Amino acid sequence: MELVILIVVIAVVLVVAAGGLVASTRRRGPSRPPEPGRDYTPGVGDDAEPPRDQPRRSTATVELPEPAAPPAGEASTGTIPAPAAPPTPPGAPAIPEPEVPPAPEREVPASPIGRLARLRSRLARSHNSLGRGLLMLLSGDHLDDEVWEDVEATLLAADVGVVPTGELVESLRTRVRVLGARTEDDVRDLLRDELLAQIGTSTDRRLTTSVEGRPAVLLVVGVNGTGKTTTCGKIGRLLVAEGRTVVLGAADTFRAAAADQLETWGSRVGARTVRGPEGGDPASVAFDAVKVGIETGADTVVIDTAGRLHTKVGLMDELSKIKRVVLKQAPVDEVILVLDATTGQNALAQARVFTEAVEITGVALTKLDGTAKGGIVIAVQRELGVPVKLVGLGEGPDDLAPFEPEAFVDALLLD
């Protein structure tokens with residue numbers, strides 16, 4: 001049985017092989033003898049190699065085609081010309097060229113000269129309780145004890161402070177007795193002399209904005225809500241108006257918008273802003289800002305710090321750390337304490353603690369135009385022993401002015 005199966009399989013294989021041979025013969029057709037006179041050597045395009053004995057050509061013997069001459073009037077550049085734009089179909093609207101946004105123009109800050117005098121009308125709000133009130137009281141016919149008590153109450157209400165108020169009242173009483181006659185002009189001159197004596201006219205109120213061989217470093221500190229970051233931006237504008245080159249350090253890394261806000265202030269006047277990651281180390285940002293100021297040859301580096309409650313010991317220690325880290329690059333020339341003039345005597349409590357954490361060299365009083373308590377200038381200086389160097393007189397970008405005692409007192413006593 002197995003032999004029969006084997007014979008059948010062999011027979012099937014032979015039949016299949018024979019069928020394939022017949023089909024192949026039919027496809028090729030019958031073979032033809034070579035035709036006489038026909039060249040059967042491989043030609044161009046044939047899948048055959050040239051004869052082995054034919055010499056090969058090198059690249060040196062290959063003749064290249066001559067480059068096409070450029071059209072008349074056009075110079076050959078040796079580069080492939082850019083493809084021409086396809087013509088616009090008839091009736092189709094023309095495709096406008098993309099507009100390139102113009103570079104933002106830098107603002108020109110107002111000159112610092114005369115800023116305070118220009119803004120006297122805003123400062124004059126303070127005279128309602130201080131200047132005008134004192135003029136009315138001291139111009140009366142009878143200055144008895146009750147009137148002097150009203151004078152003392154007016155000074156205290158204007159946040160002059162207890163000790164300066166006592167000194168002012170005593171000096172005024174003495175001079176009134178000596179002068180005798182008390183016209184309004186006499187009283188105004190008297191008050192002007194006494195207020196200037198309390199504020200001080202011989203104190204150096206200039207900011208250190210340039211040091212030979214390195215940039216001056218300004219560290220700006222204060223509690224939350226005093227307008228500290230805005231004050232930094234305005235200080236930058238003030239310095240640019242004086243011809244200084246400024247670097248701003250955004251060391252307030254805890255408030256998300258602080259760095260963006262400071263960078264916006266700087267970009268308006270061409271000041272560079274150095275910032276770090278949100279929530280990063282403020283001391284590191286301050287260090288980098290001073291380093292950039294040194295490398296770029298800037299005149300001044302203004303460092304904004306995070307607002308902190310004066311009752312938080314840890315935050316005050318961090319402020320000391322920032323100053324220590326900055327000292328590794330350069331000395332800190334100014335530490336400006338920003339105080340809100342509308343907070344009155346509470347500002348003095350804040351100032352005391354900041355003075356213990358870092359050595360304050362000057363005060364910037366913001367929102368002075370929004371209070372009738374102009375006497376805070378006297379109280380702050382007496383409490384801290386440092387001068388008021390800057391005053392904020394409004395919300396405009398150039399409403400920060402160097403403090404001028406004469407202009408300030410004249411505004412208080414303005415009719």
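Mentor: Let us start with a term that we shall need: a residue is called buried at under 20% relative accessible area, exposed at over 50%, and partly exposed in between. Please keep in mind throughout that this is a predicted model.

Trainee: Is Glu 149 buried or exposed?
Mentor: Glu 149 lies in helix α5, which covers residues 145-157. Its relative accessibility is 52%, and the cut-off for the exposed class is over 50%. Glu 149 therefore counts as exposed.

Trainee: Which kind of charge marks the surface patch that includes Glu 149?
Mentor: Glu 149 gathers on the surface with Asp 144, Glu 146, Asp 150 and Glu 152. Asp and Glu are both counted as negative. The charge of this patch is accordingly given as negative.

Trainee: How much accessible area do Leu 6, Ile 10 and Leu 14 have together?
Mentor: One of these residues, Leu 14, is found in helix α1, which runs over residues 2-28, and because its relative accessibility is 57%, Leu 14 counts as exposed. With Leu 6 and Ile 10, Leu 14 forms a nonpolar patch on the surface, and the accessible area of the three together is about 300 Å².

Trainee: What share of the residues of the protein chain counts as buried?
Mentor: The protein chain, with its 14 helices and eight strands, has an accessible surface of about 24200 Å², of which 56% belongs to carbon and sulfur atoms. Of its 415 residues, the share that counts as buried is 40%.

Methods: Residues numbered from 1 in each chain as written. Predicted model: local features only at pLDDT ≥ 70, side-chain atom pairs only at ≥ 80, totals over all residues. Heavy atoms only, no water. Patch = residues over 30% accessible without salt bridge, like charges linked within 9 Å, V, L, I, M, F, W, Y side chains within 5 Å. Areas by Shrake-Rupley, 256 points an atom, 1.4 Å probe, with all protein chains shown as cover. Salt bridge = Lys/Arg side-chain N within 4 Å of Asp/Glu carboxyl O. Charge placed at Lys NZ, Arg CZ, Asp CG, Glu CD. Helix = DSSP H or I, 4+ residues; strand = E, 2+ residues; numbered from the N terminus. Buried < 20%, exposed > 50% of the residue type's maximum accessible area, 1.4 Å probe, protein only.
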